[in-house]
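Please open the structure in a viewer and keep the sequence at hand.

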Amino acid sequence: MGHKVVVFDISVVRALWETRVKKHKAWQKKEAERLEKSALEKIKEEWNFVAECRRKGIPQAVYCKNGFIDTSVRLLDKIERNALTRQSSLPKDRGKRSSAFVFELSGEHWTELPDSLKEQTHLKEWHISNTLIQIIPTYIELFQAMRILDLPKNQISHLPAEIGCLKNLKELNVSFNHLKSIPPELGDCENLDRLDCSGNLELMELPFELSNLKQVTFVDISANKFSSVPICVLRMSNLQWLDISNNNLIDLPQDIDRFVSLMDNPIDNARCEDGDEIMESERDRQHFDKEVMKAYIEDLKERESVPSYTTKVSFSLQL
């Protein structure tokens, strides 16, 4: 009984496999084209772009227009070039202040703080000015090394209670914002030396808890709506300078053991403590202020150290 021998034509087998390979490559090409056109791939591209912008501290308003994200590489390059240009044009003295422990931000294109900031808890100083930023985030409590919070000329309408966690804070400047109140927790910043809340226009009082700020030497609450000197200020035992000018003062405490600027307040029947002489003109008022300031500065120069309080100055001014 014989055996059957099957004979294959190798060319047929090769042709079969080449056909299958061509079909597979064609399918891969169509799948790649489909993914390229799909919304999923577009979303992935946008997310990668947004993540890159946030990593570099670029605000959303720059790369998002009318709800759409411009993912072009040209936009990112342009933003980076502008940032480098602004950095190179900074004044020399400002460049010297910059360091690994100082954060600086300026410009109306900023409407919010960069997300990357919350990871830089080693920072000791924030210098943020002339922005459209309205909110200081609660994660500020993480910045335990903070010494200076310099936040003038923004759109800040609220300070978080967490600011009271900054036990090493020495200076707080929130001038020319839109604050209507100061959180009582600020009284926990026991090392605070300077407080500037001027130019908020609607600020009418300071919380009594600020009486705990025994290290404060300078307070500026000018250009607001105070009708009297806050009680907490009178209890700041080391206070040397108080500027409460351009408010709505209608009365004063009997004794103020520090220098006080009272310009532009509607106080009636104003008199000097030692002369009882009514100041009847703007010229007299300005001359009096200059003379008191001159005497104050000369007195400081003659002493070996700055006194804990100055010569008593108790006066009122009428415009």
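Begin by selecting Asn 248, which is placed in the loop between β9 (241–243) and β10 (259–261). The model is a predicted one. With a relative accessible area of 37%, Asn 248 is partly exposed.

Now select Asn 247, found in the loop between β9 and β10. Is Asn 247 buried or exposed? Its relative accessible area is 4%, so Asn 247 is buried. A polar atom of the Asn 247 side chain lies 3.1 Å from the backbone nitrogen of Lys 225. The backbone oxygen of Ile 244 likewise lies 3.1 Å from a polar atom of the side chain of Asn 247.

Zoom out to view the whole chain. Its secondary structure comes to seven helices and ten strands, and buried residues make up 37% of its 319 residues.

The next selection is the largest nonpolar core, which has 46 residues. Those touching the most other members are Leu 113, Trp 126, Leu 149, Leu 172, Leu 186, Leu 192 and Leu 206. At least two residues of this core are supplied by each of β3 (102–106), β4 (125–129) and α6 (231–234). In soluble globular proteins, nonpolar side chains tend to be buried together. Select Leu 186 and, leaving aside its neighbours within four places in sequence, its contacts: Ile 163, Leu 172, Leu 192, Leu 195, Leu 210 and Leu 213.

Phe 103 lies in strand β3 and Trp 126 in strand β4, 23 residues apart. Trp 126 also forms an edge-to-face pair with Phe 143, at 5.1 Å centre to centre and 75° between the planes. Phe 143 is in the loop between β4 and β5 (148–150), so this pair ties together parts that are 17 residues apart in sequence. Both Trp 126 and Phe 143 are buried. Select Phe 103, Trp 126, Tyr 139 and Phe 143 together to see one aromatic cluster.

Finish with two charged residues. The charged end of Lys 124 sits over the ring of Phe 101, 5.0 Å from its centre, and Arg 194 lies over the face of Phe 218, at 4.1 Å from the ring centre.

Note on methods. Residues numbered from 1 in each chain as written. Predicted model: local features only at pLDDT ≥ 70, side-chain atom pairs only at ≥ 80, totals over all residues. Heavy atoms only, no water. Helix = DSSP H or I, 4+ residues; strand = E, 2+ residues; numbered from the N terminus. Buried < 20%, exposed > 50% of the residue type's maximum accessible area, 1.4 Å probe, protein only. Core = buried A, V, L, I, M, F, W, Y, C linked by side-chain atoms within 4.5 Å. Contact = heavy atoms within 4.5 Å. Polar contact = N/O pair within 3.5 Å; in protein donor to acceptor, adjacent residues only side chain to side chain. Phe/Tyr/Trp six-rings, centres within 6.5 Å; stacked < 30°, edge-to-face > 60°. Lys NZ or Arg CZ within 6 Å of the ring centre and 35° of its normal.
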